[in-house]
Amino acid sequence: MKNLSNAERKRQKREAILTSARQVFRQKGLIDVTMKDIIEATGISRGGIYLYFDSVDQIFMEVIKQRSNRKFDDIRQAITKNPPFEELLNDYFTSHEDRLLNQMDNSLLRSMYEYYFTHKTTADHKFQQEQLASTKKTILAILELGVTQGVLKDEKIAEIAENFMFMIEGMSVMALTGGITQQQLDEQFDLMKKMLPKV
């Protein structure tokens, strides 16, 4: 730690705050979280936290942006290895199914929708649209792999990616209310696969 540059120490401390805060949001949602909860989880003083973030909302938005970037980076990394399109798509759907069926244990889903329902400014709306666009971008990257591999026709794949994004968002809302089963998820993902313009 002594040999680290000041910038690297700051980066590590900021990352530690976000990692601890992510766990707090997973456990408590968003609206019940206070700065005190995050301070206790990180073990960093109030003044230390405020050097990096002004509010719980600011920390939450950064946690979500990080998660979205990581998801897209993971998919992009997977695509560079050129896996079979069907395999990558199935892995993507399986990860969503796991998240939706176990979301109360390990997901930020509840926090996300608490944010969307309680934050109504133009900046909040922009943040929500950015998250939806990130999901669409990830799906589109997977579909473009299918086109590159000659499995899919290059027909309306951007529109299909957007449609998939809306379907996943709808399933997410249902999962939050406990109103969706594994069988229903499987049926929806199968239906989505049938929408693809196969060669």
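Is arginine 110 buried, exposed or partly exposed? Select arginine 110 and check: at 26% relative accessibility, this residue counts as partly exposed (buried is under 20% relative accessible area, exposed is over 50%, and partly exposed lies in between, with a 1.4 Å probe and protein chains only).

Before going on, some housekeeping. You're looking at a predicted model, where local features need pLDDT of at least 70, side-chain atom pairs count only at pLDDT 80 or more, and totals for chains, interfaces and linings use all residues. Residues are numbered from 1 along each chain as its sequence is written, and side-chain values use heavy atoms, with hydrogens and water left out.

**Stop 1**

Glutamate 114 is buried, at 14% relative accessible area.

**Stop 2: helix 7 meets helix 9**

Select residues 109-118 for helix 7 and 157-176 for helix 9; their axes come within 10 Å and cross at roughly 105 degrees (axes are lines fitted to C-alpha atoms over the stretch in contact, and angles run from 0 to 180 degrees between N-to-C directions). That makes helix 7 roughly perpendicular to helix 9 (angles of 65 to 115 degrees get that label). Show the side chains of Leu109, Arg110 and Tyr113 on helix 7, and of Glu169, Ser172, Val173 and Leu176 on helix 9: these make the contact (heavy atoms within 4.5 Å).

**Stop 3: from helix 9 to helix 8**

Stay on helix 9 and pick glutamate 162. Its salt bridge is with lysine 136, the closest N and O atoms being 3.8 Å apart. This pair links distant parts of the chain, since lysine 136 lies in helix 8 (residues 122-148), 26 residues away from glutamate 162. Glutamate 162 is partly exposed at 34% relative accessibility, and lysine 136 is partly exposed at 24%.

**Stop 4: helix 1 and helix 4**

Finally, select arginine 14 and glutamate 62, a salt bridge with its closest N and O atoms 3.7 Å apart. Arginine 14 is in helix 1 (residues 6-28) and glutamate 62 in helix 4 (residues 56-80), 48 residues apart.

Methods
Helices (H or I, at least four residues) and strands (E, at least two) are DSSP runs, numbered from the N terminus. Angles under 35 degrees count as roughly parallel, over 145 as roughly antiparallel, 65 to 115 as roughly perpendicular and the rest as oblique. A salt bridge is a side-chain nitrogen of Lys or Arg within 4 Å of a carboxyl oxygen of Asp or Glu.
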